[in-house]
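Here is my note on the model, point by point. Please read it with the structure open.

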2 protein chains.
Amino acid sequence: MNLRAIKPMNETQTRILDAAEEQFMQHGFEGASMRMLTAKAGVNLAAVNYHFGSKDALIEAVFRRRLDPMNVERIAELERREKEAEGRPLTADAIIRAFIGASLRMIEDTRGGGRTFTRLLGRAYTDPAKPIRQLIGQMYATAMERFKAAFVRALPELPKDELVWRMHFMFGTLAYTLAATDTVQLIAGAKPEDRYDARVLEDRLAAFMSAGLHAPLAGAIHVKKAA
Amino acid sequence: MNLRAIKPMNETQTRILDAAEEQFMQHGFEGASMRMLTAKAGVNLAAVNYHFGSKDALIEAVFRRRLDPMNVERIAELERREKEAEGRPLTADAIIRAFIGASLRMIEDTRGGGRTFTRLLGRAYTDPAKPIRQLIGQMYATAMERFKAAFVRALPELPKDELVWRMHFMFGTLAYTLAATDTVQLIAGAKPEDRYDARVLEDRLAAFMSAGLHAPLAGAIHVKKAA
DNA sequence: CTATCATTCAAACGTTCGTTTGAAAGGATT
DNA sequence: AATCCTTTCAAACGAACGTTTGAATGATAG
């Protein structure tokens, strides 16, 4: 009778998830302890195990709360654009924006904790713990397939394995951008104030990714060199 | 008398560093315990504290052993290309290759643990622990300034803040590519076998990054749309 | 041979971890 | 008013953590 996933959450569960989101982002999954976390949430220590079962299950719940709706939104946005195009193939730029839009809009949600979550998410892609990567992987699986098919339609001349690589690069660019904190800037001169304006950031990211996706083939360059 | 950084390491220290590199990569900095780590290295539990002082100091030593020489190599490669160009400005592609070459060559070092380290490094950029990010940040500081100046010379027409963003994106692409494991592929269809051929990977990465760096300005796109 | 030094080792230190327990509290239904 | 079920709570559980200690070991120099 595990109906918990279906029915809406009570206040305690929400408070735990919010606090967990913040603590996991600040200290990592192992670094954030149940005691700190429950104290921050203002609930009893045992509440996590009662409502979620274990710390690992809590981690999964933290991701599931935001990531599942986010990927639904991504696919919906993609299909909206496809419907609007009425059969004509989408541009790569449009597909890219359909994918990154949802995550970037979440950055602006400072109050609701969305921004906190995007940073956490950016890090989770490369988390050392295998279960976490697997969890993320399976949550993205259907959306990834869907978008890959869309790219194939948009760029039929691009070899499949090259496309896979470039999707990989694009994903890395997005993940790193989401994970980056205001506090540390590897490159001096970055302005923190416009860092999280979603519209500007979407334009910048889409321009970079789209150009990278349309890059001349590396193999072609090699042949030119050899010839 | 802290001459330890200068003089060559003994076998025990090397074994600890090798084991730490592997354990930190597999389980994270908090997840890898001193007991597991020293057992893997075949040394006594107290050896880490004796030779390095603390676990945190060990983490720093793990990075310093590889990252310092790597950034020296990067700058040397950049200056080699600049000397070769005899005053003519370098192409952005050449600068990019000077930067990513060192990390990609390390990927092929399966025996010496270089490949292990690159994965660890890719993750460290976005580690939740602030001291670690600061450590990485200061280790990259001089190289980053140097490469930024090189990019400014190569693309004088590109606005500075746009360049900073695109360097940020490029760094993310590289970091994510380094951190990615064989086990998890978000995008189905990737071929693991050619994943770590450094020459091919350098071509692919350089093509993507270079195109992204030369992308038309996002602002210009916006104006076009509005007009 | 002896003294000196750096290194290794087993054992223990106090702390913190995730989880479990059983009682207390609260609200809804009969 | 009495019953049942969910939720909260303080306390304790055993295990694992990073670090420290003091004795044993081994090589080097006087």
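**Notes on the model**

1. With 27 C-beta neighbours inside 10 Å, B:Thr173 counts as buried. The cut-offs: a residue is buried if 20 or more other C-beta atoms lie within 10 Å of its own, exposed if 12 or fewer, and partly exposed in between, with C-beta atoms placed from the backbone. B:Thr173 sits in helix α8 of chain B. Beyond its neighbours within four places in sequence, B:Thr173 is in contact with A:Phe169, A:Gly172, A:Thr173, B:Leu205, B:Phe208 and B:Met209. Contact here requires C-beta atoms, placed from the backbone, within 7 Å. B:Thr173 and B:Ala61 are 112 residues apart in sequence, and their C-alpha atoms are 26 Å apart in space.

2. Ground rules. This is a predicted model: local features need pLDDT of at least 70, side-chain atom pairs count only at pLDDT 80 or more, and totals for chains, interfaces and linings use all residues. Residues are numbered from 1 along each chain as its sequence is written, while chains are lettered from A and ligands numbered from 1 in the order in which they are written.

3. The chain fold. Chain A has 10 helices and zero strands. Helices (H or I, at least four residues) and strands (E, at least two) are DSSP runs, numbered from the N terminus. Of the 227 residues of chain A, 38% count as buried. Take the contacts in chain A with a separation of 6 or more: 71% of them join residues 24 or more positions apart.

4. How are the two chains related? A rotation of 180° with 0.0 Å of shift along its axis superposes chain B on chain A, with RMSD 0.0 Å. That is the relation of a two-fold axis. The same surface serves both copies: 100% of the contact residues of chain B recur in chain A. The superposition is by least squares on the C-alpha atoms of residues with pLDDT of at least 70 in both copies.

5. The chain–chain interface. Chain B puts 55 residues into the contact, and chain A puts in 55 residues. On the chain B side, α1 (11-31), α6, α7, α8, α9 and α10 (218-226) each supply at least two residues. The largest share, 15 residues, comes from α8(B). By class, the chain B side divides into 26 nonpolar, 17 polar and 12 charged residues. For these classes, Ala, Val, Leu, Ile, Met, Phe, Trp, Tyr, Cys and Pro count as nonpolar, Asp, Glu, Lys and Arg as charged, and the others, Gly among them, as polar.

6. Helix α5 of chain B. This helix covers residues 92-107, and its 16 residues should span 22 Å at 1.5 Å a residue. The expected span is 1.5 Å times one less than the number of residues. The end C-alpha atoms are 23 Å apart, which agrees. Still, α5(B) bends by about 40° at B:Gly101. The bend is the angle between axes fitted to the seven residues ending there and the seven starting there.

7. Is α5(B) enclosed or open? 12 of its 16 residues are buried, so α5(B) is largely enclosed by the rest of the structure. The buried residues include B:Ile95, B:Phe99, B:Leu104 and B:Ile107. Among the elements of chain B that cover them are α4 (55-85), α6 (114-124), α7 (130-154), α8 (160-179) and α9 (198-213).

8. DNA strand D. A residue is near a strand if its C-beta atom, placed from the backbone, lies within 6 Å of it. Both chains take part: α3 (47-51) of chain A and α2 (34-41) of chain B each supply at least two residues. α2(B) gives the most, with three residues. The surface has nine nonpolar, six polar and two charged residues.

9. DNA strand C. Of the 16 residues around it, A:Ser33, A:Met34, A:Ser54, A:Lys55 and B:Asn44 come nearest. Two or more residues each come from α2 (34-41) of chain A and α3 (47-51) of chain B. This surface divides into eight nonpolar, six polar and two charged residues.

10. A backbone check. Phi of A:Glu86 is near 50°, a positive value in a residue other than glycine. A:Glu86 lies in the loop between α4 and α5 of chain A. A:Glu86 is exposed, with 6 other C-beta atoms within 10 Å. Phi of B:Glu86 is also near 50°.

Technical notes: Contact = placed C-beta atoms within 7 Å.
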